[in-house]
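Me: Please examine one part of this structure closely, and describe its surroundings in a connected account.

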Amino acid sequence: MATRFDPFQEFDRLFAQVASAERASATMPMDLYRSGDHYVLHVDLPGADPGTIDVNVEDRTLTIRAQRTPHTEQDVQWLAKERPVGTYARQLTVGRGLALDAITATYTDGVLTLSIPVAEEAKPRRIEVQHAGDTNQITAEASADA
C-alpha cells in the first residue's frame, strides 16, 4: 500500500501550530465591572514574572504588559510545548470621568487586579435648589414704606 506525502499539508500543520501559539501568547483574558464608585479590572496573567508586569496610562490609553520567560533546560527533548512565552500586551482606551492618577494594582495567583476610581467631578451629585424669597422681600419693603 502506497502512502501519499503532501508537503503542503505538513507545512499547514506547522504553520497552524505556530500561529496558535502566537495568538495564545498575545491574549490576555479580562473581566471588567463597576462596583460602587470604582471600576475593577481582572486580567489573567498565568505564569507571568511579577517583576515584568507594567501598567501605565498615557492620555486616555491604559497599557498592561507582562512577560513569561521560557524555561531553558539543557539536554531536554520536548514532547509538547504549548504554553506560550514572550510578552503579553493589551491596551484599553478609557473614557473621561475616571481618576487615572489613583489606580491601584495587585497581582495575586496569576491575576492582575486594577481598581480604577470614578473621578469626583464625574460622580452623580444632588444640586440643592435655592428658593428666592421674593414675597418676603416685597412684604418687608412694603412694611418699611408704610
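Reply: Leaving aside neighbours within four places in sequence, Val111 is in contact (heavy atoms within 4.5 Å) with His42, Val43, Asp44 and Thr106. The model is predicted: local features need pLDDT of at least 70, side-chain atom pairs count only at pLDDT 80 or more, and totals for chains, interfaces and linings use all residues. Residues are numbered from 1 along each chain as its sequence is written, and side-chain values use heavy atoms, with hydrogens and water left out.

Val111 lies in strand 7; strands here are DSSP runs of E with at least two residues, numbered from the N terminus. Its relative accessibility is 24%, so Val111 counts as partly exposed, a class between buried (under 20% relative accessible area) and exposed (over 50%), with a 1.4 Å probe and protein chains only. Met30 is 81 residues from Val111 in sequence, yet their C-alpha atoms are 9.3 Å apart.

Strand 7 (residues 111-117) pairs with strand 2 (residues 38-44) in the antiparallel sense over seven bridges; pairing requires at least two bridges found by DSSP. Within this pairing, His42 has Thr113 of strand 7 as its bridge partner. The two strands belong to an open sheet of four strands, ordered 1-2-7-6 with antiparallel pairing. Strand 1 (30-35) and strand 6 (104-108) form its edges, each pairing on one side only.

Val43, one of the contacts of Val111, is among the residues that touch the most other members of the largest nonpolar core, which has 18 residues. Such a core is a set of buried Ala, Val, Leu, Ile, Met, Phe, Trp, Tyr and Cys residues joined through side-chain atoms within 4.5 Å.
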